[in-house]
Amino acid sequence: MKRLLLFIIGVTLLLSCSYDETVDTNMLTVELKFPTSSNEAEAMGGIRIELKSISNNAIFVDSTDTQGKAHFEVTPGVYEASTSVTRQHGNSLLVLNGTSGQIVIDKTKQNTVFIDLMASRISQVVIKELYNGGVMKDDGKLFMYDKCFILYNNSNTTASLENLCVGIASPYNSQANNNWYGADGKLIYESDGYTPATDGIWYFQETLHIAPYSQIVVNVHGAINNVQTYPQSVNYANADYYCMYDPEHGYTNTNYYPTPSEVIPTSHYLKAIKIGTSNAWALSTSSPALYIFQTHDALPRDFATNVGNTGYTPGASQTDAFKVVKVPTEWITDGLEVFSATSTGNKKRLTSMVDAGYVNLTNQHGHSLYRNVDKKATESLPENKGKLVYGYVSDPSGIDAEASIRNGAHIVYQDTNNSSNDFHERLSCSLKD
């Protein structure tokens, strides 16, 4: 028996050593390139770099050395690196974001990739929340016709947004085959300065005014009281809400667009410019890339119907089914990149100027994606003394934003143009609180 036990131990050790020897890894160096105007050469160390495996969603983290370099030892595969840096710049904050595009690592060479950091604009109006994943009905099937997003004025002055539009980037789902990547592993439209809007865009009929620290709700699908039929859903029968509803211009699917609640004014209906072939604007239930923008020097319809502003998905037939609107990236006010938490192969569609990161969504359970609270900025507002509610574990700040708002507090939300830092998955849409 003793000899048998020693034999088993020996074989086990041999197999373990053999297994360890067969694991191939290689070194990857990620080096940051700062804009010449940012005066950041003296502060390149200690910056967090996140490296994500495309194949299995594994995440590796390292910090840069004093030369702006981070080092990873990883197995061969396809990866994506990203970072976000916030620095004081005079009397304001400068946000520098960067993503690498697709990095292919093999065992035959040393790998170095450069990330060009880009200065991002901090928006007065931000996407506060996105609810798009639907809920399960009593029969175990998905109810998905109740989507919305919430815009928030993240400042102490009134916001006025003229020609405000809404778009979704191509492809609809983050895990879908993405032909927008070039041979260098980067999104081809990043260097061209535009972001594709697929299927069509929506726009507000009038200049949108949002009071300080206030929000507006935009229903995407199902602008009715859905709770009457599906108790876990959302009630949109509210005169203050806005909704996407424009059957006149081609979005006629009544499952997505029942006649809105009569309490919603027709002036609150967003209008559509449809360029695709679908009868409903397909905001993904698993992983959309949503953004808002303002057209400059042109009305939204004139801009989107100008053939000079349209294009097609690379490698696809040049038909309406694959047509996109080329939205100048500098026009984008805010964006939110969503990855499917239950899928692998997620790829970014929004560039680092819009959103340098992503947030995961577990759909079909009524969850939403909610912006984190800027703890320092919120606590520093003198009017919030005694009004902030704590103990909310999903937000790194610990502040329960919705409970605090009901208590009379003003919330300042975090905005680094990096959803990995700025958002968390909420168990239910805040409209149900």
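What percentage of the 433 residues of the protein chain count as buried? The figure is 51%, where buried means under 20% relative accessible area, exposed means over 50%, and partly exposed lies in between (1.4 Å probe, protein chains only).

Before you start clicking, note that this is a predicted model, in which local features need pLDDT of at least 70, side-chain atom pairs count only at pLDDT 80 or more, and totals for chains, interfaces and linings use all residues. Residues are numbered from 1 along each chain as its sequence is written, and side-chain values use heavy atoms, with hydrogens and water left out.

**Stop 1: the whole chain**

Show the protein chain as a cartoon. You will find five helices and 27 strands; helices (H or I, at least four residues) and strands (E, at least two) are DSSP runs, numbered from the N terminus. The chain is as compact as a globular protein of its length, because its radius of gyration of 24 Å is close to the 22 Å that the globule rule gives for 433 residues. That radius is taken over C-alpha atoms, and the rule is 2.2 Å times the number of residues to the power 0.38. Turn the model along its principal axes and the C-alpha trace spans about 85 × 55 × 55 Å.

The protein chain exposes about 19600 Å², with carbon and sulfur atoms supplying 51% of it; accessible areas come from the Shrake-Rupley method with a 1.4 Å probe, and for residues only the protein chains shown count as cover. Contacts (heavy atoms within 4.5 Å) tell another part of the story: among those between residues at least 6 apart in sequence, 72% join residues at least 24 apart.

**Stop 2: V166**

Select V166 in strand β14. This valine is buried, with a relative accessible area of 0%. Show what surrounds it: leaving out residues up to four places away in sequence, V166 touches F149, I201, W202, M244, L270, W281, L290, Y291, I292 and F293. For a sense of scale, draw a distance to L130, which is 36 residues apart from V166 along the chain; their C-alpha atoms are separated by 13 Å.

**Stop 3: charges and salt bridges**

Colour the charged side chains next. There are 31 positive and 44 negative ones, and the centres of the two sets lie 5 Å apart. Lys and Arg count as positive and Asp and Glu as negative, while His and the chain ends are not counted; each charge is placed at NZ of Lys, CZ of Arg, CG of Asp or CD of Glu.

How many salt bridges does the count come to? It comes to twelve, a salt bridge being a side-chain nitrogen of Lys or Arg within 4 Å of a carboxyl oxygen of Asp or Glu.

Pick D334 and R371, whose side chains meet in a salt bridge at 2.9 Å, N to O. This pair links distant parts of the chain, with D334 in strand β24 (residues 332-340) and R371 in strand β26 (residues 368-371), 37 residues apart. D334 counts as buried at 3% relative accessibility, and R371 is buried too, at 1%.

K348 lies in the loop between β24 and β25 (359-361) and E337 in strand β24, so the pair ties together parts that are eleven residues apart in sequence. Both K348 and E337 are buried.

For another pair, select E31 and K33, joined by a salt bridge at 3.7 Å, N to O. E31 counts as buried at 14% relative accessibility, whereas K33, at 36%, counts as partly exposed.

**Stop 4: backbone details in loops**

Zoom in on P171, in the loop between β14 (164-168) and β15 (194-198). The peptide bond from S170 to P171 is cis, with omega near 0 degrees.

Next, visit N57, in the loop between β2 (48-53) and β3 (59-63). N57 is not a glycine, yet its phi is positive, about 70 degrees; at 23% relative accessibility, N57 counts as partly exposed.

Y213 also has a positive phi, near 50 degrees. Look for Y213 in the loop between β17 (208-210) and β18 (215-219). Is Y213 buried or exposed? At 15% relative accessibility, Y213 counts as buried.

**Last stop: A298**

Finish in the loop between β21 (289-294) and α2 (300-305), where A298 is found. A298 is partly exposed, at 26% relative accessible area. Beyond its neighbours within four places in sequence, A298 is in contact with N163 and F303. Then draw one more distance: the C-alpha atoms of A298 and N421, 123 residues apart along the chain, are separated by 34 Å.
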